[in-house]
Structures are given as structure tokens and as C-alpha cells.
There are 2 protein chains.
Amino acid sequence: MTTDTMTIREMCDAFEVTPRTLRFYEAKELLSPIREGQKRLFTKRDRARLKLILRGKRFGFSLEEIRQLLDLYHMDDTQVTQLSRTYDLARKHLAEMEAQRAELDQAIAELKAQMEWGAEQIARRQKQAAG
Amino acid sequence: MTTDTMTIREMCDAFEVTPRTLRFYEAKELLSPIREGQKRLFTKRDRARLKLILRGKRFGFSLEEIRQLLDLYHMDDTQVTQLSRTYDLARKHLAEMEAQRAELDQAIAELKAQMEWGAEQIARRQKQAAG
DNA sequence: AGCATAGATGACGTTTACGTAAATGGAACG
DNA sequence: CGTTCCATTTACGTAAACGTCATCTATGCT
């Protein structure tokens with residue numbers, strides 16, 4: 001019978017965000033913590049969503065894009081009626097992410113090549129200095 | 001003896017950005033087109049950098065971060081004196097990108113799992129409707 | 001010479017994603 | 001009971017990344 005909910009401060013500590021950020025996300029309907037009187041209590045669902053929100057941000061998605069995609073990850077019974085539409089959106093999102101991975105792979109390869117070039121230059125200069 | 005430079009409009013068409021964007025990037029010292037009288041002429045170097053800028057944006061980097069990283073990709077002789085510092089920065093950048101790739105892989109895997117769950121639900125409902 | 005077209009240069013506006021400050025409300029503690 | 005500590009609400013502020021005029025200039029037709 002653990003609480004299973006977290007206060008705003010616990011959330012902030014756990015995810016390294018500010019209270020303002022969490023309230024802002026709630027205002028934008030990305031999160032929907034329950035209330036105990038005045039105070040917000042963040043559920044497991046909120047935590048799962050926040051994790052996805054922060055991940056999405058690191059991938060360069062806007063909050064609005066993220067909002068539209070969040071439902072993909074928690075498709076529950078209430079959503080099953082529109083499931084095929086959601087599924088379609090998910091396919092597009094997946095394609096985007098795989099494209100991004102391909103681009104990221106290329107970027108990594110290019111950077112590595114540049115670094116090898118740089119390493120050669122360093123080696124050349126050291127040899128020169130020693131010669 | 002091809003021109004090897006592009007006008008602002010050619011750049012805009014090629015990269016799908018607006019003139020404002022290119023001027024903004026110049027003001028932020030991300031690009032440095034040469035001048036023919038008044039007019040800007042974008043060189044091959046500018047095009048290479050713009051490509052990296054847009055890529056960086058898709059990965060969620062800010063323009064300021066991108067500015068600091070751009071030199072990694074065009075390390076020329078003038079930079080060789082500070083090459084080891086640059087090299088160090090490049091290593092960090094590479095580590096970040098590889099971390100991001102790992103996260104992206106996980107995100108893709110999770111989304112795929114969700115989609116399979118969704119597909120099962122659809123199948124179940126179809127069976128139910130037919131039964 | 002007249003005019004269209006392209007680009008340049010300010011300057012102000014806008015959106016996103018929060019930061020920050022002020023006023024308020026409970027709960028807890030000595 | 002006063003104070004301290006959280007948290008809430010409201011509201012204004014801000015940095016980043018451009019958009020959107022308005023105005024000016026240069027260039028090329030005709």
C-alpha cells in the first residue's frame with residue numbers, strides 16, 4: 001500500500017525539472033496530476049509521460065508535437081475505438097524516428113572521420129616538432 | 001570556372017529556409033558569406049555549414065551549441081594550433097551523439113512494442129465483431 | 001528615363017518554453 | 001499563536017529563433 005503518487009518536489013528531484021515546468025506541462029495538458037485539496041499528486045502515468053516528454057525534447061520535438069504523440073505510448077481501453085487512427089500516427093512517428101536514427105548514424109560517422117583527420121594532423125605536428 | 005557560389009535565393013530553394021533565416025545565421029556568426037557589392041554570396045563552406053546547422057537542429061541542439069561545434073567539422077590549417085582542444089570537444093560531442101542514438105534505439109523499441117500491443121487489440125476486436 | 005525585381009537593412013512583432021516575483025493558503029513545529 | 005516551509009495562483013518578464021513590415025539600393029530590361 002505504497003502511496004504510488006509523488007509530490008511536485010519529489011518529481012522535480014527525480015527528473016531534474018522545476019515546479020514551474022511541471023505546472024506548465026499540466027497547463028499544456030501534457031500531464032494531469034490528481035489533486036489532494038490544493039496540492040498536485042503525480043501518478044505513475046504522469047511519470048511515464050514526463051519521461052517521454054523529456055526524451056522527446058532531447059530529440060528536438062516541440063511540446064505540441066509531443067502532446068499529440070503521447071497517446072501513442074499509453075493507448076488504453078478508452079482509446080481503442082480510435083485505435084487504427086492512432087496506430088497510423090504511430091507508424092508515421094516510427095518512420096520519423098528511424099529516419100532520424102539513420103541521420104544520426106551518418107553524423108556520427110562523419111564526426112569520427114573528421115576526428116581521425118584531426119588525429120593525423122596532431123601526429124604530424126608532433127613528428128615535426130621532434131624531427 | 002563555375003561560380004561555386006550561390007545567391008540567397010538559391011540557398012533558400014536548396015535548403016528550404018527563408019532569407020531571414022540565412023541573415024540571422026550570419027548575424028549569429030554561423031555563416032559568413034562573401035559580398036559582391038551589397039549582395040551575399042554563399043560559398044561551398046557556407047553550404048556545408050548550413051547542412052550541419054539544420055542537422056543539429058533536428059537533433060535538438062541550440063544554435064549556440066551548434067556554433068561552438070561547427071569548427072569540429074571544418075578544422076583547417078588555421079585551427080591546427082588549437083587542435084587538441086577542438087579534438088577534446090569533438091570527443092564529448094561524439095559521446096553525446098552516441099548516447100542519443102542509444103536512447104533513440106530504446107525509444108524505437110518501445111514504440112514498436114506499443115504498436116504490437118495495439119495490433120493485437122485491433123485483431124481481437126475484429127475477431128469479436130466477426131464472432 | 002521609367003519600372004520591375006532582388007536583395008539589404010533596420011525595427012518591431014511573435015511563438016515557444018519556461019523564469020521570476022508577489023500574494024495567498026494550509027500544515028507543522030516550538 | 002506566530003513563524004517557517006511548501007505549495008498554489010496570477011501575472012509579468014525573458015531568451016531563442018525567427019516572421020513581418022517598411023524603407024532603401026542596385027541592377028537589369030525596354
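Begin with B:Leu63 in this predicted model, and look at its backbone, where an N or O atom lies 2.9 Å from a phosphate oxygen of DNA strand D. Next select A:Arg35, whose side chain places an N or O atom 3.2 Å from a phosphate oxygen of DNA strand D.

Now widen the selection to the 17 residues around DNA strand D, among which A:Arg40, B:Thr18, B:Tyr25, B:Lys57 and B:Leu63 come nearest.

Which element gives the largest share of the surface near DNA strand D? Select helix 2 of chain B, which supplies 4 residues; helix 1 (8-15), helix 2 (19-27) and strand 2 (39-41) of chain A are also among the elements that each supply at least two.

Finally, display both protein chains and superpose chain A on chain B, which takes a turn of 180° with a shift of 0.0 Å along the axis and leaves an RMSD of 0.1 Å. The two copies are thus related as by a two-fold rotation axis. To find that axis from chain A, select A:Gly60, whose C-alpha, at 1.9 Å, comes closest to it among the residues of the chain. Because 100% of the interface residues of chain A are also interface residues in chain B, the copies meet through the same surface.

How values were computed
Residues are numbered from 1 along each chain as its sequence is written. Chains are lettered from A and ligands numbered from 1 in the order in which they are written. This is a predicted model: local features need pLDDT of at least 70, side-chain atom pairs count only at pLDDT 80 or more; totals for chains, interfaces and linings use all residues. Side-chain values use heavy atoms; hydrogens and water are left out. Copies are superposed by least squares on the C-alpha atoms of residues with pLDDT of at least 70 in both. Contact means heavy atoms within 4.5 Å. A residue is near a molecule or strand if one of its heavy atoms lies within 4 Å of it. A polar contact is a pair of N or O atoms within 3.5 Å; within protein, one must be able to donate a hydrogen and the other to accept it, and residues adjacent in sequence count only if both atoms are side-chain atoms.
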